[in-house]
Amino acid sequence: MRSLRVAAVALASAGVVAGSSVANAHPRCEQVDATIYDKVVDVGCPSPTQVCVAGTFRGRHSFDGTSVFILGSRGEAPPTAPGYRPVSGTITYTFADGSTLTALETSIGNVNTTTGTGHAGGTQEFTGGTGRYENATGFTYLNQHWQTDHFVTTIHGEACRSNG
C-alpha cells in the first residue's frame with residue numbers, strides 16, 4: 001500500500017513538473033526584456049502623423065532596433081487619481097532585418113516633461129508584424145519615467161510567432 005502511495009505521488013509530481021515546463025517553454029514564444037529610449041519628435045513620423053514618439057530599443061536575444069509610438073487617445077484623469085491620465089496608441093518595433101512587431105499600448109501615468117517628474121505603467125498587446133513577426137501575438141508589461149529630455153521605458157513579457 002505504501003509503495004502504491006509513493007508511486008502515485010511520484011507520478012503526480014512528474015506530471016506537474018512536465019506540464020509546467022511545457023507551458024513555460026512554448027517553442028514559438030520568446031521572452032521580451034528590453035529598454036526603450038524615445039522622445040517626442042515632429043520629423044520621421046509615419047504619414048499623416050505630424051508628431052510621434054520615436055527612438056531606439058535594446059534588449060536580450062537581439063531584441064534591438066527602432067520604435068515609433070503613435071498616440072491614439074488620451075483620457076481624462078480619474079477622480080480617484082487626479083494627477084494621472086490614461087494614454088493609448090500603437091507602437092511599432094523595427095528590427096535590423098526589416099521585420100516589424102506592432103502592439104496596442106495602453107498606460108496610465110503622471111509623467112510631466114516640463115518638470116521632469118512622474119512615471120507610468122501599462123501593457124502592450126502584440127497585434128501582428130512583418131517578416132519573422134508576421135501574425136505575432138503576445139504582451140509586455142511596461143514601466144516608464146522621464147529622464148532629462150526623453151522617456152525611458154522597460155518592457156517585460158513575451159512575443160509569440162505564428163510560424164514557430
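This is a predicted model: local features need pLDDT of at least 70, side-chain atom pairs count only at pLDDT 80 or more; totals for chains, interfaces and linings use all residues.
Thr 140 is located in strand β7, which spans residues 137-147. Its relative accessible area is 0%, and Thr 140 is therefore classed as buried, the cut-off being under 20%. Beyond its neighbours within four places in sequence, Thr 140 contacts Val 32 as well as Gly 122, Thr 123, Gln 124 and Phe 126. Contacts of Thr 140 are also made with Ile 155, His 156 and Gly 157.

The largest nonpolar core comprises 20 residues. Those with the most contacts inside this core are Phe 63, Tyr 93, Phe 95, Leu 101, Tyr 133 and Ile 155. Two or more core residues are contributed by each of the strands β1 (29-41), β2 (52-59), β4 (85-95), β5 (100-109), β7 and β8 (150-160). With neighbours within four places in sequence set aside, Ile 155 is in contact with Thr 140, Tyr 141 and Leu 142, and also with Val 32, Asp 33, Ala 34 and Ile 36.

Leu 104 belongs to strand β5. Its relative accessibility is 39%, so Leu 104 counts as partly exposed. The C-alpha atoms of Leu 104 and Gln 124 are separated by 5.4 Å, although the two residues stand 20 residues apart along the chain. Gln 124 is likewise listed among the contacts of Leu 104, together with Thr 123, Glu 125 and Thr 127, when neighbours within four places in sequence are excluded. Ser 88 and Gly 89 complete this set of contacts for Leu 104.

How values were computed: Residues are numbered from 1 along each chain as its sequence is written. Side-chain values use heavy atoms; hydrogens and water are left out. Helices (H or I, at least four residues) and strands (E, at least two) are DSSP runs, numbered from the N terminus. Buried means under 20% relative accessible area, exposed over 50%, partly exposed in between (1.4 Å probe, protein chains only). Contact means heavy atoms within 4.5 Å. A nonpolar core is a set of buried Ala, Val, Leu, Ile, Met, Phe, Trp, Tyr and Cys residues joined through side-chain atoms within 4.5 Å.
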